[in-house]
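Subject: Structure handover

Hello,

Please find the structure for your work below. My notes on it come after.

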Amino acid sequence: MPTIPRSAGLWLAAALIAGVVSCKAERPAAERASTAPERIVRENLQIPPDEDVRQPAIEVPEGMVHVPRGGFRMGCDEAADGPCSAAERPSRQVWVSGFFLDATEVTVGAFTACVKAGSCSQAVAAGECNFGEKERDSFPINCVTWDQAIQFCAWAGKRLPTEAEWEKAARGTDGRPYPWGRDAPDAGGTFRANWGEGLARNLWVRDQWEYDAPVGFYPNGAGPFGALDQAGNVSEWVADGYREGYDPEDTMDPVVGPTAAGRAVRGGSFREYARRLKTFARDWHEPTFWYSHVGFRCARDAPR
Ligand SMILES: [Ca+2]
Ligand SMILES: [Ca+2]
């Protein structure tokens, strides 16, 4: 039996050790990447990796905010949100495609430009209405019917948001009861919205405005995607017809056509209790009437 010289044996042992170490150091990068956690996250989202990670940034139109596609919890759940009205139930997961939403309510200035262009009919100018009043350009247009809101958004190359879009923009994906979070509108002495509180007018003006305020007056009231005044100031027409309660099966970009009750209105206004400011609170109005506490904002489809 041949013998390996002692010196050669030591060399072989050293080479083996070096080989093992070298082999570990040169493990292919692709093999290491296959266990990276981000791959698991994408699989759970069921979105192809290319679509998920390699898209260019979205260009957001001026004066709008971007609400990315995805699910959120729409409606009121007694356990999470406290007492719910029948109109606000059932709470369920809803998928909403990506869209842009006006950062503020449509202003008197913007609406007047549409009237001057011959594309919008005049808003009513009386009493608490803002149209035609001096130094009101930065206030929300009010006293407009649902049809006039449709007219304006079309002129601007936009449309009214659906009720689901409006609620997602206000509520985000964490189920918050107000656009800014869970704090009351006046928590810590900071006012986050313009609202009223019953019959006592001295309570209405604590937020500095008895009636409507210029849009964007409360930066601390911004929602999860940056929209302002979704809670309070003027209530807002949305595209949907009003039905008391939601269809639990209609969960992909839901929208309700015209109903006998009227059109849905969201967000509460300067003349309503804080409860009406909640992200899931609902109201409705007759679409051919106008109201001094109702305005609107517009939306537009996003590329994804
Ligand atoms: Ca007020
Ligand atoms: Ca509002």
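The model is predicted.

Sheet. Three strands make up an open sheet, in the order β1-β4-β9, with antiparallel pairing. β1 (64-67) and β9 (299-301) are the edge strands; each has a single partner strand, so one side of each has no neighbour in the sheet. From one strand to the next the twist averages 25°. Between β1 and β4 (residues 99-102) there are 4 bridges, and H66 has F100 in β4 as its bridge partner. Helix α8 (residues 163-171) lies across β1, β4 and β9, at about 75° to β4.

Core. The largest nonpolar core contains 58 residues. V65, L101, F111, A149, F152, L160 and W237 have the most contacts inside it. Elements giving two or more residues to this core include β1, β4 and α8, as well as α6 (108-116) and α7 (146-155). Apart from its neighbours within four places in sequence, L101 is in contact with several residues, among them M64, V65 and V67, and also E165, A169 and A299.

Helix α6. Which residues of α6 are buried? They are V108, A110, F111 and C114. Viewed down the axis of α6, these buried residues fall within an arc of 165°, so they line one face of the helix. An α-helix has 3.6 residues a turn, so residues three or four places apart point the same way. The buried residues of α6 pack against α7. After α6 comes G118, with a positive phi near 80°.

Regards

Terms used:
Residues numbered from 1 in each chain as written. Chains lettered and ligands numbered in written order. Predicted model: local features only at pLDDT ≥ 70, side-chain atom pairs only at ≥ 80, totals over all residues. Pairing = 2+ DSSP bridges. Axes fitted to C-alpha atoms, helices over the stretch in contact; angles between N-to-C directions. Contact = placed C-beta atoms within 7 Å. Core = buried A, V, L, I, M, F, W, Y, C linked by C-beta atoms within 7 Å. Buried ≥ 20, exposed ≤ 12 C-beta atoms within 10 Å, placed from the backbone. Arc of directions from axis to C-beta.
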